[in-house]
Amino acid sequence: MQVHECMSANPIVIFPKTTYAEAFRLLRVNKLHALPVVDKQGQLMGIITEKDLLSISPVAVLGVHTINHLWSTMAIEEAMTRRVITVPEDYPLEEAARRLIDNKMGSLPVMRGHQLVGIISEADIFRAMTDALGGRSEGLRITLRLLEDKGELGAITDGIVQLGGKLTSLFTYWGDNPFKRIITLKVQGVDREELLMMLEWTIGVQVIDCCERSAESRSGA
């Protein structure tokens, strides 16, 4: 999955001369954590976050009237981050997530060459992960522990097909054992007991968890 498939396209942008007050209003009204700063040609010049805006000296020191005056007159170019970490639109989503984590950031501007085309945030990546785990679909959710070198995953997908089932999502990650990985599947159209028998007795994999998500539980979530 690539960044452009999950990013928020055509993001709200501001300009270097935008005031603190207007930038803060846009952040709050649109429930954003950051705003890209561009010039008149649309070239990315920086980024401003809510934390940047709130870093101004506290009211206890300056007073309410002074703060209000500053926020209505000061331009965000005074506080914006100019060296912006960005990602290209065809960047792998997991690498964008790693970059957010490594740099302790909440969002990244997405570029097409020198053109800003979107922004990818923690919420966007969390949403993509939810979809990858089948969080919006009905069916049996099975979590397995597989040996890395036995070709069990192919046998599992073949077995689901033979049972007349449909695999709607598959998510894999490493547990605490370097020789085993954790697989989470969402399967539709199969009997629970037949599926568990196929997994545990026919293939011989370890089932960690099995639960069913119905239309009722989806609507109530």
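**View 1. Glu95, Arg98 and Asp102 are joined in a network of salt bridges.** Welcome to this predicted model. Arg98 is partly exposed, at a relative accessible area of 37%.

**View 2. Helix α5 (residues 93-102) has four buried residues to look for: Leu93, Ala96, Ala97 and Leu100.** They span an arc of only 100° around the axis, so they sit on the same side of α5. Their cover includes β5 (107-112), β6 (115-121) and α6 (122-132). Have a look past the helix as well: Lys104 follows α5 and has a positive phi, near 55°.

**View 3. Arg112 and Glu89 meet through their side chains in a salt bridge (2.7 Å, N to O).** This pair links distant parts of the chain, with Arg112 in strand β5 and Glu89 in the loop between β4 (87-88) and α5, 23 residues apart. Arg112 is exposed, with a relative accessible area of 51%, whereas Glu89 is buried, at 19%.

**View 4. Glu50 and Arg28 form a salt bridge between two helices.** Their closest N and O atoms are 2.6 Å apart. Glu50 lies in helix α2 (residues 50-54) and Arg28 in helix α1 (residues 20-29), so 22 residues separate these distant parts of the chain.

**View 5. Stepping back, the chain contains nine helices and ten strands.** Of its 221 residues, 37% are buried. The salt bridges come to eight.

Definitions and conventions:
Residues numbered from 1 in each chain as written. Predicted model: local features only at pLDDT ≥ 70, side-chain atom pairs only at ≥ 80, totals over all residues. Heavy atoms only, no water. Buried < 20%, exposed > 50% of the residue type's maximum accessible area, 1.4 Å probe, protein only. Arc of directions from axis to C-beta. Contact = heavy atoms within 4.5 Å. Salt bridge = Lys/Arg side-chain N within 4 Å of Asp/Glu carboxyl O.
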